[in-house]
Amino acid sequence: MARLGILSALAALTPSLAFAHSGGAHVHGFFAGLQHPLLGMDHLLAMVAVGIIGARAGGRSIVLVTLVFVSAMVAGALLGMAGIGLPSLETGIALSLVVFGAMVGLAKPLPLAAAAALTALFGLFHGNAHGLEIPGNADSIAYAAGFVLATSMLHAIGILSAVKLARWPTRVHTAEFATSLVGMAMAAQAF
């Protein structure tokens, strides 16, 4: 876990690794959308954290929290594709890591309504960043489909991780503490 923390801190201090948003030139269809959440540290950590948040809440929250995030992400992408950018976009994405890390680090999971509201808010930011990058052509739908699929797969990894590591909550808390640290470093870079 110490290595995870060190790697997370190094990634956060390297802007090209920490921020996945470099403009629309890389958006070219389904496979680009599929790989994008895997290549941006901000997305990778946030998507896995959302899965862990849903799993820790248990019951129907496992599906609802992740579904709310994906729905809000799609709504944010649609706003971006319409040319509407959210204010302080990169800061909002960085803060999502801080908040998601804190949510997992809490001794007790948040109630479903609070978890859903926070994941929806930050889902808008993550989706909006990508909607602003997607060009208005036929590849945009394929890119969005790949992005949604990759996001859902990362949520599933978070859910499985939380279930498999339930006997070792310290490891989950350590990973999410590292996620919060990455978010704080990214937020500092955004200012």
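The protein exposes about 8,900 Å², of which carbon and sulfur atoms supply 74%; accessible areas come from the Shrake-Rupley method with a 1.4 Å probe, and for residues only the protein chains shown count as cover. This is a predicted model, in which local features need pLDDT of at least 70 and side-chain atom pairs count only at pLDDT 80 or more, while totals for chains, interfaces and linings use all residues. Residues are numbered from 1 along each chain as its sequence is written, and side-chain values use heavy atoms, with hydrogens and water left out.

The protein has nine helices and zero strands, taken as DSSP runs numbered from the N terminus (helices H or I, at least four residues; strands E, at least two). Of its 191 residues, 45% count as buried, that is, under 20% relative accessible area with a 1.4 Å probe and protein chains only.

Helix α8 covers residues 139-164, and its 26 residues should span 38 Å at 1.5 Å a residue, which agrees with the 37 Å between its end C-alpha atoms; the expected span is 1.5 Å times one less than the number of residues. Buried residues of α8 include Tyr 143, Phe 147, Leu 154 and Ile 159, and their cover includes α3, α4, α5 and α7.

The axes of α4 and α7, lines fitted to C-alpha atoms over the stretch in contact, with angles from 0 to 180 degrees between N-to-C directions, come within 12 Å and cross at roughly 155 degrees. The two helices are therefore roughly antiparallel (over 145 degrees). Their contact (heavy atoms within 4.5 Å) involves residues including Met 47 and Ile 53 of α4 and His 126 and His 130 of α7.

Technical notes:
Buried < 20%, exposed > 50% of the residue type's maximum accessible area, 1.4 Å probe, protein only. Parallel < 35°, antiparallel > 145°, perpendicular 65-115°, else oblique.
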